[in-house]
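I opened a notebook for this structure.

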Amino acid sequence: MQTKRPAAVALAGALCLAATACGASSSPTAKAAADASAPGYPVTLKNCGQTTTYTEAPGRVVVMNGASVAEVSALLALGLGDRIVANEQSYGRSEVPGRAAAIKKLPTGDVKLNDAYDIPREAMLGLSPDLVLSTTSYGFDAKNGFATRDDLKAVSANSYVSPQGCDQDTSHMTIGDSYRLLRDLGKIFNVSDRAEEVIAESRKQISDVSAKVKGEKKPNVMVVFSNMSMGGNDFSSIAAHGIWNDILAKAGGSNAFSSTSKTAFADLSKEKVAAEQVDALVVISYNDPNPEAYARKLLKEFPQWPAAKNKRSLVLSDSIYLGPSNDLAVEKIAKMLHPDHV
């Protein structure tokens with residue numbers, strides 16, 4: 001399987017945003033807006049150079065793809081699935097019991113997707129959303145055939161780009177960005193208490209695991225997307241920088257390929273991959289029906305790796321990406337790398 005999405009779409013995600021809940025100002029216009037607001041509103045967010053104001057919780061949410069499940073998973077974790085009128089996100093599986101099935105049950109809006117595998121402009125406007133979520137600014141670029149943020153504003157719809165997604169560079173993403181996404185959605189939908197509960201539970205789980213592996217040798221881990229092509233070489237979907245590195249560090253490991261690229265992904269030849277010492281393998285499944293077979297294939301292809309000799313591999317999907325379940329990835333990877341301690 002090779003995805004046809006451009007590299008900019010295939011695994012991007014997050015935004016440069018500073019979110020603040022704002023009260024009404026003393027101006028007549030602001031006072032009128034405040035008078036029309038629901039309890040707990042208005043809420044204002046600064047997001048990728050735009051200021052968006054909410055006078056009530058959105059009720060017609062559209063979730064764009066961006067090869068992510070971060071946004072739809074965060075909405076479900078916050079109990080907001082009933083607000084979604086169209087969701088295009090799915091990895092086909094999840095580390096969270098029941099989540100993949102819950103995502104599958106969500107409405108899609110019966111939209112015919114464009115060549116970028118997402119919702120084209122006219123179809124988007126036809127959905128009459130009041131909030132559109134995109135992993136990166138790619139989803140609001142007119143050149144890609146999408147409705148712009150100004151297009152949406154003209155029909156009274158707000159838009160939101162997830163943390164680190166403003167410039168479509170996710171190489172600096174951390175677990176903290178997953179928490180920012182949850183907090184922002186908590187403010188937008190007036191469920192901040194629930195968002196903080198999810199964050200606190202995640203922090204505790206990660207802290208407990210990290211304490212158990214502290215001081216242990218950090219194995220070199222290869223993180224690669226299953227059967228995905230994003231470049232010209234044999235291996236073009238190797239994770240080099242991004243949230244996975246933060247997760248690996250918390251789990252007591254390190255990225256074997258972080259020095260091979262300054263961007264989120266490395267595009268490498270088979271010879272370069274063979275030359276690295278890979279102590280353990282993490283395959284990320286993105287709508288691949290059999291990622292375990294891909295993991296076995298890699299271990300067979302590179303028998304010199306310690307990972308192959310020790311049969312040390314793991315398949316993950318949504319937990320190692322932006323979203324509410326990074327603690328599960330940390331725990332599962334730590335158990336693989338340090339079975340005597342976790």
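My entries follow, one topic at a time.

**Entry 1: confidence**

The model is predicted. I looked up the average pLDDT of the chain and got 90. I also noted that 89% of the residues score at least 70.

**Entry 2: the disulfide**

How many disulfides does a search of the whole structure find? I got one. The partners are cysteine 48 and cysteine 166. Their sulfur atoms lie 2.1 Å apart. I then checked the torsion about the S-S bond, which is about -90°, so this disulfide is left-handed. Cysteine 48 sits in the loop between strand E2 (43-47) and strand E3 (50-54). Cysteine 166 sits in the loop between strand E7 (158-161) and H6. The two cysteines are 118 residues apart, and the pair links distant parts of the chain.

**Entry 3: backbone exceptions**

I kept a general rule in mind here. Most residues other than glycine have a negative phi, and most peptide bonds are trans. I looked at the peptide bond from tyrosine 41 to proline 42 and found it cis. Its omega is near 5°. Proline 42 belongs to the loop between helix H1 (28-35) and E2. Then I turned to aspartate 110. Its phi is near 50°, a positive value in a residue other than glycine. I placed aspartate 110 in the loop between helix H3 (99-105) and helix H4 (121-126).

**Entry 4: H2 against H6**

I moved on to helix pairs. Two packed helices are described by the angle between their axes and the distance between the axes. I took helix H2 (residues 70-77) and helix H6 (residues 175-188). Their angle is about 55°, and their axes are 10 Å apart. H2 and H6 are therefore oblique to each other. I read their crossing as right-handed. H2 brings Ala70, Glu71, Ala74 and Leu75 to the contact, and H6 brings Leu181, Leu182 and Leu185. By class I wrote down six nonpolar residues, no polar ones and one charged.

**Entry 5: H7 against H12**

How do H7 and H12 lie, roughly parallel or oblique? I found that the axes of helix H7 (residues 192-213) and helix H12 (residues 326-337) cross at roughly 20°. The axes come within 8 Å. H7 and H12 are therefore roughly parallel to each other. The crossing of H7 and H12 is left-handed. From H7 I listed Ser202, Gln205, Ile206, Val209 and Val213. They meet Asn326, Asp327, Val330, Glu331 and Ala334 in H12. This contact has five nonpolar, three polar and two charged residues.

**Entry 6: H8 against H12**

My last pair was helix H8 (residues 243-250) with H12. The two pack at about 50°, with axes 8 Å apart. That angle makes H8 oblique to H12. I noted a right-handed crossing for H8 and H12. H8 contributes Ile243, Ile247, Leu248 and Lys250. H12 contributes Asn326, Ala329, Val330 and Ile333. I sorted the residues of the contact of H8 with H12 into six nonpolar, one polar and one charged.

Terms used. Residues are numbered from 1 along each chain as its sequence is written. This is a predicted model: local features need pLDDT of at least 70, side-chain atom pairs count only at pLDDT 80 or more; totals for chains, interfaces and linings use all residues. Side-chain values use heavy atoms; hydrogens and water are left out. Axes are lines fitted to C-alpha atoms, for helices over the stretch in contact, and angles run from 0 to 180 degrees between N-to-C directions. Helices (H or I, at least four residues) and strands (E, at least two) are DSSP runs, numbered from the N terminus. Angles under 35 degrees count as roughly parallel, over 145 as roughly antiparallel, 65 to 115 as roughly perpendicular and the rest as oblique. A crossing is left-handed if the near helix is turned anticlockwise from the far one by less than a right angle, and right-handed if clockwise. Contact means heavy atoms within 4.5 Å. Ala, Val, Leu, Ile, Met, Phe, Trp, Tyr, Cys and Pro count as nonpolar, Asp, Glu, Lys and Arg as charged, and the others, Gly among them, as polar. pLDDT is the predictor's confidence in each residue, from 0 to 100. A disulfide is a pair of cysteine sulfur atoms within 2.5 Å.
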